[in-house]
Structure formats: C-alpha cells, structure tokens
Amino acid sequence: MSTSVAKEGKKMRCAVMLKPSKRGSNLLALTSRRSFTFSGSKILDRMAGPTPRQAVRVFDEENNDVTPQPFYRADLRAEPGSRFLVDELSAGSTSDQTTFTGSFTMPFSRSVLDSSRISSQSTTESVNEEMEETFCRRDFPFNLPESLLPDEKRKKGSVKEQMTQALLKGIKDILITETDTISLLDIPPTLVSVNADDADVIIEINKQYSEVCRNRRNNEKYVDRAVQTLNGATKNKQIQNNLMLMVDTATIVSAFEMYAPPEQEVMVYSPEMKQTNDAETIVDSRRSPERSLSLTCSASTVISTCSLKDVETVGSSLNTQVDSERIMTSDKFQFSLLLMERTVLRNNFQSQLAAYRKLPLLQDPDRLVKPKEKEQSEAETSCSPALQCLWVFSCELSRGCRVSSMAWNKKNPDLLAVGYGETDYRNHGPGLVCCWSIKNPMWPERIINCDSAVTTVDFSSNSPGQLAVGMCDGSIAIHNVQSTDNKSPFISSRECAKRHLGPVWQLRWNQQELSFTGEEKVESLYSVGADGRICKWFVINGGLDCTDLMKLKKMNNTLRKTEQNKPEKTAECVLSVLTPGLCFDFHPSDSNIYLTGTWEGNIHKCSCSNGHQFLETYRKHFCPVNCITWCPLHPDVFLSCSSDSTIQLWKQDCINPLLSFTSNQPVGEVRWSPKHATVFSAVNEGQLEIWDLNSSFLDPVIVQPAAPGLKMTSLLFASLTDCVVVGDSDGQVTVYQLQNLHVGESSQGDVIQDLLRSASPKELQQTLM
Amino acid sequence: MLTELAHAEETLKRIEGHKGVIGTIIVNSEGLPIRTTLDNSTTSLYARLLCSFTTLARSTVRDVDPQNDLTFVRIRSKKQEILVAPENNYLLIVIQNPSE
C-alpha cells in the first residue's frame with residue numbers, strides 16, 4: 001500500500017508538469033498578506049486588459065491537457081481570505097468531479113459559499129500558483145471549462161490517476177443528481193377575462209408589447225443589458241454601551257411651593273398693603289411672607305407630612321392680625337355682614353316678616369308649642385277688625401327723638417325714611433334721618449345726621465336714591481342714600497338766598513309734563529314753608545335755587561275786611577302778609593293742581609301756572625290744617641285734618657266738605673289706604689284711628705291707643721300690604737298689621753261714590769246738579 | 001378706612017348681640033380662625049369642618065352650572081342653625097339658636 005502510494009505520489013509529482021506563464025513566478029514566501037496583495041496587484045495589472053487566457057497549461061504524461069479549470073474567480077480587491085475561498089471551492093470540486101457542473105451555479109449565490117468555508121486548507125504553494133495563473137474575473141462563467149486552478153490541476157491529476165487505475169479495475173457507477181431548481185425571478189402573469197371592462201385596453205397593451213418584442217432585434221432603440229444585484233455580505237457586529245447610571249430622586253411639594261403669586265417683587269410684607277382693597281392682592285401679599293417662612297422651614301428640616309396645622313402655626317402669629325384687618329375692611333366683608341345680619345334677624349322675626357309679606361306662617365317643627373300658648377292664640381283669633389303690632393323700628397340713636405315724618409322709597413318698597421326732630425319752635429336741636437329696611441328692624445341701613453331738626457322727608461321718583469330733607473331752619477338738603485358715606489349731603493340749600501325763612505313744613509317731589517313737548521316728565525322739588533311761600537327748587541351750580549310758585553296770602557283778614565266793608569289795605573301790616581303753609585299735596589293725575597293747607601285753616605286749590613290767584617278756597621277748619629291728602633283711588637276726593645280735631649272729606653268742586661269726622665284730639669296726620677278706597681287712617685296724639693266708610697261715619701273702626709307717655713306723631717300706609725306704620729314721640733316706628741277689615745270687592749271709585757251719595761244727600765245733590 | 005373697620009366691628013358686635021346668636025367666627029382662607037367669640041376647641045372644630053363643607057358645597061354648585069357660584073350656606077339642625085357667608089378669602093360663620 002505504501003509503495004503504491006509512494007508511487008502515486010511520485011507519479012503525481014512527475015506526471016504533472018507545470019508550464020508557467022511568461023510572466024514570472026516569483027512568488028515563494030506567500031504566507032504574509034503583503035506578498036499576497038503584492039502578487040494580487042501584479043496580477044491585477046496584468047489582467048487589466050480583455051480576458052486573457054489561461055497562461056499555464058498542465059499536461060500529464062500522455063500530454064492530456066489536465067489544466068485545472070477554476071470555476072470561481074474571486075475579486076482581487078477583496079480580502080485575501082477570499083483566495084482561500086477559491087481554494088476551497090476547487091478543493092471541494094475535485095473531490096467529486098460530477099459535482100463540478102453542479103457547482104457552476106455557485107458564483108450566483110456567493111453568499112452561500114461565503115459563510116461556509118473560511119478555513120484555509122490549501123498549502124502555500126498551491127495558493128501561489130493559483131494567484132499567479134488563474135485570476136481572471138471576467139472570464140469566469142464562460143471560461144470555466146478552460147481555466148482551472150493549479151491546485152486543481154494537481155488534484156485532478158491525482159484524481160485522474162485514480163481514475164485510470166479504478167477504471168482499469170472496474171466500472172464505477174456515477175450518480176448524477178439534479179439540484180433543486182432555484183428560482184430567481186418569478187412574475188406570475190395577471191389573467192384578465194376577455195369580457196372584463198378594461199379587457200380592450202389590456203389587449204391593446206399586449207399587442208403593443210408583442211410588436212415591440214418583434215422589432216426588438218433589429219431595432220436600435222433596444223440594447224441588451226444585464227443587471228445583477230449584489231448582496232452585500234452581512235456581518236455580525238457587537239457593540240457595547242456605557243452603563244447608564246440611574247439615580248432616584250424624590251421631593252415633597254406643598255401648596256406653598258407650588259403657588260406662584262403674580263407679582264413677586266412688589267409684594268412686601270408691610271402694613272401699607274392694607275390700603276389696597278382688592279381681595280386678590282391681599283391674598284398675594286399674605287402669601288409671600290408665608291412662602292418664605294415655609295421655605296426656610298423645609299430647608300432646615302424634613303417636612304414629610306406638612307399638615308395644614310403645622311404650616312399655620314409657623315405663619316399664624318405674624319399674619320393673623322394683618323389678615324383680620326384686611327378681611328374686615330374689604331367690601332365683600334361688609335356685604336357678608338349685612339347678609340348675615342339680615343339672615344339672623346329673619347330667623348328671629350320670621351313670623352312677623354311673614355305676616356308683613358302676607359306669607360303663610362310656617363310652624364317650626366322642632367319648636368315645642370306649649371299648651372298655654374296654644375290656648376292664647378286660639379282665644380285671640382276673633383273676627384273683629386284689629387291691629388296687630390308686628391315690630392318696632394327702634395335703635396339707640398333714635399331713642400328719644402320725635403318722629404316728624406316718614407316716607408317710603410319709590411323704587412324699593414322695603415325702604416322707609418324716617419325723619420326725627422323736635423319741631424317745636426323752642427328746640428332747634430340737631431336732627432336725624434334714618435333709612436330703615438324691612439329686612440332689618442333692629443338697625444337702620446343709613447343714618448344721616450342733620451344740623452337742624454328734620455321736619456319733612458321725601459324720596460324722589462326719577463332718581464330713587466335721592467332723599468330730600470327739609471329742616472327746621474328752612475334749609476333743604478338732598479342726600480344720596482345709595483352711598484354709604486353720609487357725611488355731606490348731595491346738595492344743600494343753605495347758601496341759597498331765597499331759602500325759606502322758617503321751617504320747611506313739607507317737601508314733595510313732583511313730576512310735571514313740559515308744556516311744549518307734553519311727553520317728558522321733569523321732576524322738581526316743591527316745598528312749602530312757614531314763611532308762606534311755595535317754592536319750586538332746581539339745581540344750579542351745585543346748589544339749590546328756587547322760584548316762588550305761590551305766596552300764601554292771609555285770607556282771613558281780607559275776608560273780614562270785605563264783610564265789614566272796609567278797604568283791603570289795613571294798618572295791620574306789622575305782621576307778615578303771608579300765612580304759613582303747613583301742608584300741600586299734588587293731584588294724583590293732574591300734576592298742575594295742588595292743594596295747600598294753611599295755618600289759618602284754609603285750604604287753597606292752586607295751579608302751578610297761576611302764581612297769583614287761588615283757584616279755589618275751601619273753608620271749614622278754624623285751626624291750622626295739618627295734613628291734606630288726595631284720595632289715590634278716586635280723583636276728586638280729598639281729606640283734610642286739622643288741629644281742631646276734625647277730619648273733613650271734600651270733593652274737589654264742592655266748597656263745603658261732604659263728610660266730617662270728629663276725633664278727640666288734634667289730628668296730626670291723615671292718610672288714605674292705597675288699596676281700599678273707603679279706608680283711611682288718622683293719627684292724633686293719643687291714638688291711631690282706622691276709619692272705614694263702609695261700616696261707619698261716626699266712629700273709627702279700629703282704635704289703637706298709644707302707649708302711655710307716647711304721642712303718635714306720624715303715619716304712613718304700607719303700599720303692598722295691609723300694614724300701617726306709625727311714628728311716635730319716642731323715636732319708635734311701629735308697624736301694625738290691619739286684620740279683619742271687611743272691605744268690599746267692588747270697584748273702588750264706585751264705592752266712594754255710592755257712599756257719598758248715601759251719606760249726605762243734600763250737598764251731593766247740589767253738586768251733582 | 002378706619003371708619004370701614006369701625007363699621008365692620010360695630011356690625012359684627014351687633015350681630016353677636018342679636019337674639020339667639022350663640023357665636024361668630026371669622027376664618028381666613030387657610031382655615032385659621034381670625035376672630036371668634038367661642039372657645040378654642042369649638043372654634044377650631046367649626047372652622048375645620050365648615051371650611052371643607054363650604055368647599056364641597058361650592059364645588060357642587062359649580063359642577064351643576066359652571067357660571068353659578070355659592071353665596072350663602074345655612075345648615076338648620078334640631079338645636080341650632082349654622083350660617084356661613086363664604087367668600088374667596090374668608091368665611092363668616094354665625095351660629096344661632098333660632099327658636100328661643
């Protein structure tokens with residue numbers, strides 16, 4: 001065996017004859033890369049031209065061309081490792097000749113080969129020869145059968161040797177197998193039915209394409225070109241990151257730190273901040289010192305659970321006082337206080353206010369109703385007309401002051417202005433006006449201090465906030481009750497030269513239509529004073545000025561004179577010609593006409609347009625007429641009351657009164673009820689009388705005596721409800737509710753008419769005729 | 001300004017003097033009572049409880065209608081009535097026993 005092998009080896013050696021190419025074979029030491037590349041580059045240069053043929057041809061003993069053919073040409077620029085690859089390819093191929101053709105396809109799938117063989121097995125010598133002779137890139141697919149690697153030559157030779165011997169011995173079966181079909185490109189055709197919509201288009205396209213194909217060979221338009229995609233060799237690469245260091249951080253935030261006040265620099269913790277009334281800035285300025293406090297706290301200690309109390313204890317001592325002042329001076333706080341007071345009082349006065357507003361009284365379910373109270377309440381419910389005292393407007397300021405006049409606000413029916421003052425000629429002390437609200441019976445809404453005793457008050461209709469106050473010293477002031485600052489009046493007539501010389505006994509705001517336009521209603525203030533003048537006031541230069549509407553001349557003198565047939569001019573000119581006017585009232589519908597009552601007891605009907613003559617004079621009273629009032633529901637009827645303890649009911653066009661009512665004391669005021677045409681009320685010093693013409697002409701229906709020691713001085717009806725407001729000499733204003741007044745439902749005006757007709761037929765017949 | 005403060009003081013005293021009023025508390029926006037007529041424990045109790053209650057009431061009103069706002073809170077119980085006037089930066093609390 002060994003000898004045969006040796007023989008073979010010898011044979012091998014001698015059989016193979018290398019015919020080196022013309023180009024030198026000077027590549028001996030070929031382990032190093034440098035030399036490889038050197039040889040490679042050399043070969044490259046030589047190989048630059050068109051495809052050179054194989055330079056070396058190997059012949060064996062029989063001069064067979066056994067030049068090994070390379071079937072893989074590696075890229076010279078590639079790494080030397082690829083050369084080894086070529087080796088391996090050839091090595092692999094020589095093992096089985098039959099697979100040679102099979103491996104023909106290898107260059108097309110280089111990727112398969114690349115990954116498989118890396119290890120170099122060939123000897124250096126063989127690599128030498130390979131590089132020298134066989135590298136010819138472009139030749140490869142076509143020249144494969146012709147060019148073989150020198151390694152292969154040898155191997156092929158050895159194979160051939162074996163073959164010849166084996167052939168000698170016997171027949172060898174050679175198996176030829178087919179590799180799998182490798183499909184490189186497969187575009188399946190799209191089949192379209194002839195009946196489809198776009199079939200015509202596709203048929204046309206197909207025809208065009210077949211035309212193109214036919215014309216392709218001879219056509220210069222078309223050039224054959226082969227394209228091959230090159231797949232790059234993939235390589236695994238590992239990278240490593242720097243380790244990312246993670247750090248845990250935590251913080252605790254409290255509401256202080258999160259809060260960002262809008263102005264940080266300006267807010268300084270100082271008492272000067274009190275001046276700002278804006279609630280927002282108050283909060284901000286308070287926040288910043290607290291914030292700084294909390295920050296210092298957190299810096300020094302760890303506040304894990306910052307409860308509200310903890311923070312508060314830190315900042316409370318400094319801020320509480322400043323807080324309280326700021327809060328209490330804000331407007332909202334004032335309003336809250338107002339609201340709270342009214343609510344508290346409403347709880348207390350629940351039943352009275354409900355009765356006033358005519359709301360059903362709700363029983364408090366939690367309140368224990370004692371059986372005694374029940375019996376009392378049952379006993380008191382009787383059917384006779386009665387007055388029930390609801391509450392008393394009284395406060396310490398007004399205690400002891402005599403109520404001189406009252407007036408409801410025209411717009412807010414809950415607001416009542418009360419004027420206090422001693423109106424005797426002896427005392428001219430300071431006066432007071434209080435504006436009370438139904439919602440707060442304990443304290444007035446507004447308190448206006450006046451220099452002189454107040455004799456009369458009236459609210460304006462056009463501007464409901466204006467309250468005109470007439471005083472004992474003859475001055476008139478107009479106050480604005482809407483403002484809380486009541487230091488100075490809006491307008492005063494102090495400086496007016498033509499002001500009343502005596503007390504202003506009555507003030508009235510009256511709306512008059514301008515004669516030219518007939519549409520606008522101008523409101524002016526009218527007053528009647530003890531100097532006998534009726535003046536109309538208007539505002540000039542921030543002050544009041546007046547024009548005389550009427551001068552109340554003394555009538556009784558002239559009357560006496562005419563009776564005695566003496567000349568009118570008398571020597572009694574020491575006394576003033578004018579008589580004090582005590583009251584007046586404008587006609588409800590015709591604002592030009594008004595009635596005046598004088599000290600003499602006469603009632604004059606006058607007109608605004610005629611300042612010299614009285615339209616009419618009504619004589620009945622022989623004492624000063626204290627009050628005159630038109631009936632609001634019947635246009636021609638009016639009432640007058642006087643210190644002669646009588647109340648007279650007049651009709652406008654009748655000189656003599658239609659009805660008289662007697663009272664026991666000088667009657668201070670008389671008022672018609674706004675709802676019932678037959679009801680009126682009168683107040684004298686000792687009692688309050690409610691008269692109902694439906695029931696009796698002789699006696700009042702209800703008599704409410706005054707509390708002992710008190711004198712009732714003033715009277716008003718409440719407009720929306722069945723209540724009467726009475727003022728007395730102690731500064732108390734009592735609200736009474738009328739109960740069980742049986743009044744008819746028929747039209748008010750007619751009722752009066754019927755009554756009057758039935759009451760005094762004689763005089764009525766005279767007038768009606 | 002001074003008159004405003006005096007006026008506020010006066011009104012507050014008047015309220016405290018009304019019939020049935022047990023006490024009044026003014027609480028600032030953090031729940032700290034600034035001024036009170038009751039003892040400390042009761043005051044802090046009321047302040048704490050009513051603060052959160054008022055906040056809840058306000059949020060309820062505003063959830064129902066976002067343009068609405070709370071103006072007044074009255075809690076009527078068997079024995080007393082708690083009146084709270086809430087504002088942005090304070091709470092005015094009055095406790096009244098209405099049926100006396």
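Let's start where the two chains meet: chain A and chain B are joined by 2 salt bridges. Keep in mind as you look around that this is a predicted model. One salt bridge to find on screen pairs the side chains of Glu341(A) and Arg14(B), with 3.0 Å from N to O. Polar contacts are there too, with 13 residue pairs counted between chain A and chain B, both partners at pLDDT 80 or more.

Which parts of chain A face its partner? Helix 11 (279-300), helix 12 (308-329) and helix 13 (331-348) of chain A each supply at least two residues of the side that touches chain B. Helix 13 gives the largest share of that side, 14 residues. Sorted by class, the side of chain A that touches chain B has 13 charged, 13 nonpolar and 10 polar residues.

Now step back to the contact as a whole. Chain B brings 42 residues to it and chain A brings 36 residues. Together the two chains bury about 3,600 Å², and 61% of this lies on carbon and sulfur atoms. Within the area that chain A buries against chain B, Met328(A), Met340(A) and Asn347(A) supply 17%, more than any other three residues.

Finally, turn to a residue in strand 8 of chain A, which covers residues 476-480: Ile476(A). Is Ile476(A) buried or exposed? Ile476(A) counts as buried because its relative accessibility is 0%, and the cut-off for buried is under 20%. For a landmark, look to His500(A), 24 residues apart from Ile476(A) along the chain; their C-alpha atoms are separated by 8.8 Å.

How values were computed:
Residues are numbered from 1 along each chain as its sequence is written. Chains are lettered from A and ligands numbered from 1 in the order in which they are written. This is a predicted model: local features need pLDDT of at least 70, side-chain atom pairs count only at pLDDT 80 or more; totals for chains, interfaces and linings use all residues. Side-chain values use heavy atoms; hydrogens and water are left out. Contact means heavy atoms within 4.5 Å. Buried area is the accessible area (1.4 Å probe) that two parts lose on being put together, summed over both. A salt bridge is a side-chain nitrogen of Lys or Arg within 4 Å of a carboxyl oxygen of Asp or Glu. A polar contact is a pair of N or O atoms within 3.5 Å; within protein, one must be able to donate a hydrogen and the other to accept it, and residues adjacent in sequence count only if both atoms are side-chain atoms. Helices (H or I, at least four residues) and strands (E, at least two) are DSSP runs, numbered from the N terminus. Ala, Val, Leu, Ile, Met, Phe, Trp, Tyr, Cys and Pro count as nonpolar, Asp, Glu, Lys and Arg as charged, and the others, Gly among them, as polar. Buried means under 20% relative accessible area, exposed over 50%, partly exposed in between (1.4 Å probe, protein chains only).
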